[in-house]
Amino acid sequence: MIHTKRTLGGACVAPHHSAAQAGRDVLQEGGNAVEAMVAAAASIAVVYPHMNALGGDGFWLIKPANGTPIAIDACGPAGQAADIDFYTGAGETTIPNRGPRAALTVAGTIGGWQQALKVAHQLGGNTPVSRLLAPAEQQAREGIVVSQSQAALTRAKFEQLAQQPGFAEVFLNNGQPPSEGDILYQPDLADTLAQLSRAGLDDFYRGDLAQTLSQGLEALGSPVRRADLEAFRARLVEPLHTQLRGSTVYNLPPPTQGLASLIILGLFDRLNITEGEGFDHLHGLIEATKAAFTVRDLECIDPDWLTDSPARWLTPEALNEQVKTLSMTRARPWPNPTKPGDTVWLGCIDKAGNAVSFIQSIYWEFGSGIVVPGTGVTWQNRGTSFSLDPASRNALSPGRRPFHTLNPALAEFDDGRTMVYGTMGGEGQPQTQAAVFCRYALFGQPLQQAITAPRWLLGRTWGDTDTRLKLENRFDPTLINQLRNAGHDVEVLDEAFSDTLGHAGALVHRPDGVIEGAADPRADGLVATL
């Protein structure tokens, strides 16, 4: 049994141990939580390349020790050449899932690091960018050990990825998927990180690196151009929040599905369920998820295209009305359209109490599958969530930001605790967030138990069309039968700990200065503490 870690000096949690340790080391040298997170974010882009990369997007929630939460939207828009005619003119009825034409949005994550470091400096941080990127550069140059997760996903998606430009040269061994325990060298990516250390992060968008990236993308057939990179800036945005009994929970506004995560908790709180792990607990959260996803599919698009504030769904009045639609005895018919995704969530809290919840992604495993020549940068395929139907609420348009499954979570408790938590997992992100938060905050489970406990997923997993309710096999058979009898279409997985149900993590800062941390046994991570 893994127990919750506790410390006074600061902690970082990540789904790969090397990234958590890279952040912890920055804390040890006097850096703050935001600076530590940049180091961890750079490292995780090297050591978990199937889940994220410099060519992806990111979102931040930062809670200064003595301030209110700050949100950063580092979502890149579609390139100016990426319009519906770009695809339909070539005879395509949908945006390709892989390849250069799937790489149609600007990568925003480096811009998010830039914006976050401005906040870090306001909190007294002065760690040089070169120091923050040094662990990632070293890992890329000296090699990483291929994880079980990377090896398995490379095998599973081999047919989709093997022929994509640059993929085989970087991620395959003599044309074949690597095995767990093999060594992966990424010298071009190391050079890119060295260039960012010398020239600064802005070089990704408006310097020599931007020129190399844009020329490489265009030569491969992507619609992203130099002007698209030059125009990008990450945004400071107002986080969404809702009040629960005993806490206020925060998340990111559209185009993320943070709204859905908050609606789930707001509805479940109103069901007044006092005991965890029984039928009411699981059924209540699952039905709240269905209601929240219905709203999400209407509201979680580029906010510039919304005509009303999504916060209206989080008022007490709106949640009180929505909860009346939930039946606590019968399952609502399902499914709705589902959205896959691959992501990493990382958290950090420093000794002063500054807290960060951060998420970084390339959408599907290995994103578009292309590696930009000479850079080692894998580019995301986030723009494949756009529709080529002009009447769609998420229709492709140049400069428009795509729907994002990403949503880092943060909670402030009435008793003075601060909690950062999150997970990867596309459709599963709001569900796993709700599972972890409710187990810890409402039912009093220790933090590590809340993450280790068996989980569920309503909807599709990676590359799968199955939308049944999936449960790990550790659930009580009696509970499984109760769910089936209520009308849930249940699939019991063969695994006791399935990484398709998310790589979660959480940190809590208590008023007495103690920091508690928990990492997911489904992943390769840990809580690195001082």
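At what angle do helix 14 and helix 16 pack, and how far apart are their axes? The exercises below work through this and related points. The model is predicted: local features need pLDDT of at least 70, side-chain atom pairs count only at pLDDT 80 or more, and totals for chains, interfaces and linings use all residues. Residues are numbered from 1 along each chain as its sequence is written, and side-chain values use heavy atoms, with hydrogens and water left out.

**Exercise 1. Describe the packing of helix 14 against helix 16.**

Step 1. Locate the elements. Helix 14 spans residues 279-299 and helix 16 spans residues 428-442. Helices (H or I, at least four residues) and strands (E, at least two) are DSSP runs, numbered from the N terminus.

Step 2. Read the geometry. The angle is about 140°, and the axes are 11 Å apart. Axes are lines fitted to C-alpha atoms, for helices over the stretch in contact; angles run from 0 to 180 degrees between N-to-C directions.

Step 3. Classify. The pair is therefore oblique. Angles under 35 degrees count as roughly parallel, over 145 as roughly antiparallel, 65 to 115 as roughly perpendicular and the rest as oblique. The crossing of helix 14 and helix 16 is right-handed (the near helix is turned clockwise from the far one by less than a right angle).

Step 4. List the contact (heavy atoms within 4.5 Å). Helix 14 supplies H281, L285, T289 and F293; helix 16 supplies P430, Q431, A434, A435, C438 and R439. By class there are 6 nonpolar, 3 polar and 1 charged. Ala, Val, Leu, Ile, Met, Phe, Trp, Tyr, Cys and Pro count as nonpolar, Asp, Glu, Lys and Arg as charged, and the others, Gly among them, as polar.

**Exercise 2. Treat helix 13 and helix 16 likewise.**

Step 1. Helix 13 covers residues 258-270. Its axis and that of helix 16 come within 9 Å and cross at roughly 40°.

Step 2. This pair is therefore oblique, and its crossing is right-handed.

Step 3. S261, I264, L265, F268 and D269 of helix 13 meet P430, Q433, A434, F437, C438 and L442 of helix 16. The classes are 8 nonpolar, 2 polar and 1 charged.

**Exercise 3. Is T105 buried or exposed, and which side chain makes a polar contact with T105?**

Step 1. T105 sits in the loop between helix 3 (84-88) and helix 4 (109-122).

Step 2. T105 is buried, at a relative accessible area of 0%.

Step 3. The partner is Q380, whose side chain joins that of T105 at 3.0 Å. A polar contact is a pair of N or O atoms within 3.5 Å; within protein, one must be able to donate a hydrogen and the other to accept it, and residues adjacent in sequence count only if both atoms are side-chain atoms.

Note on methods: Buried < 20%, exposed > 50% of the residue type's maximum accessible area, 1.4 Å probe, protein only.
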